[in-house]
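Me: I've got this model open on my screen and would like a close look at one part of it. Could you walk me through the strands and how they pair, and then carry on into whatever sits next to them in the sequence?

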Amino acid sequence: AVEAARPVAPIPVAVGTAEARRVDRSAAVTGSLAPDETVTVSSEVAGRVAAIHADFGQSVSKGQVLAQLDRREFEIQLERSRASLHQALARLGLPPDHGAEPPQSTPAIRQAEAQLEDARFKYENAARLVKTGDVSQERFTELEKVYRARQAVVDAARDELRTNWMSVEALRAEVKLAEKRLADTTLRAPFDASVTQRHVSPGQYVDRNMPVLTLVKAWPLRLRLEVPEQD
């Protein structure tokens, strides 16, 4: 005979209302803390270090003078560039503080124009008188040549003005470059930071782009880490 199956006990079931909830997910990763900014301050010009105003471990503020190179050679270069510029302006009859607008005339042009006006007056009078025979053809031809020559002198003076003004513009650029080089002898902090390394000493000769100080901006810190792709 087959034994009858035992009855299965009922399974308790809890019923609840469905609701939306946020489920927090987390992933364990490792990383490293790094400073916000790190920069090696270097010199844009070559020269001898006159003074160092910051050392290892010191805090510096943005714009603070960190080091000073010898300025004498760069001051002489600036004075020489300014003298050349003033000389070029003097050739045009302009004062040293003349602005950026090119002149419309110069003493040489005004003198040439006055001579041209005199030659034009004589030429026009001769052109009327030669028809009546009061002036010979030879005299008229001579005055015409003088008039044409005076016109050429005026044109040449205007061309010279344009050429000399281009020289003035080039010398202005040289002055600005000399001013920048002089300013580059002073090294300043680009931001608030701490000095972590000093690479040079007073009296040492540094070349262009040679490291002088290393600065670190340690606040705020940056966290660098790698997150797995599945996270």
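**Strands, a patch and a helix**

Reply: Let's start with strand E3, residues 47-52, which pairs with strand E8, residues 205-206, in the antiparallel sense over two bridges. Keep in mind that this is a predicted model.

Now for another set of strands. E2, E9, E7 and E4 form, in that order, an open sheet of four strands with antiparallel pairing. Its edges are E2 (37-42) and E4 (59-60), each of which pairs on one side only. Within the sheet, E7 (residues 193-198) and E9 (residues 211-217) are antiparallel partners over four bridges. To find your way there, look for Gln197, which stands opposite Thr214 in E9.

Next, have a look at the surface. Val29, Leu33, Trp219, Leu221, Leu223, Leu225 and Val227 make a nonpolar patch of about 740 Å². One of these, Leu33, sits in strand E1, residues 31-34. Leu33 counts as exposed because its relative accessibility is 61%, and the cut-off for that word is over 50%.

Finally, the helix, H1. It covers residues 72-91, so 20 residues, and spans 29 Å from first C-alpha to last, close to the 28 Å expected at 1.5 Å a residue. Phe74, Leu78, Ser81, Leu85, Ala88 and Leu89 are its buried residues to look at. They lie on the same side of H1, because they cover an arc of only 100° around the axis.

Ala108 is 17 residues away from Arg91 in sequence, and their C-alpha atoms are 9.7 Å apart in space. You'll find Ala108 in helix H2, residues 107-132. With a relative accessible area of 42%, Ala108 is partly exposed.

Notes: Residues are numbered from 1 along each chain as its sequence is written. This is a predicted model: local features need pLDDT of at least 70, side-chain atom pairs count only at pLDDT 80 or more; totals for chains, interfaces and linings use all residues. Side-chain values use heavy atoms; hydrogens and water are left out. Two strands pair if DSSP finds at least two bridges between them. Patches are made of residues with over 30% relative accessible area and no salt bridge: like charges are joined within 9 Å, nonpolar side chains (Val, Leu, Ile, Met, Phe, Trp, Tyr) within 5 Å. Accessible areas come from the Shrake-Rupley method with a 1.4 Å probe; for residues, only the protein chains shown count as cover. A salt bridge is a side-chain nitrogen of Lys or Arg within 4 Å of a carboxyl oxygen of Asp or Glu. Buried means under 20% relative accessible area, exposed over 50%, partly exposed in between (1.4 Å probe, protein chains only). The expected span of a helix is 1.5 Å times one less than its number of residues. The arc is that of the directions from the helix axis to the C-beta atoms.
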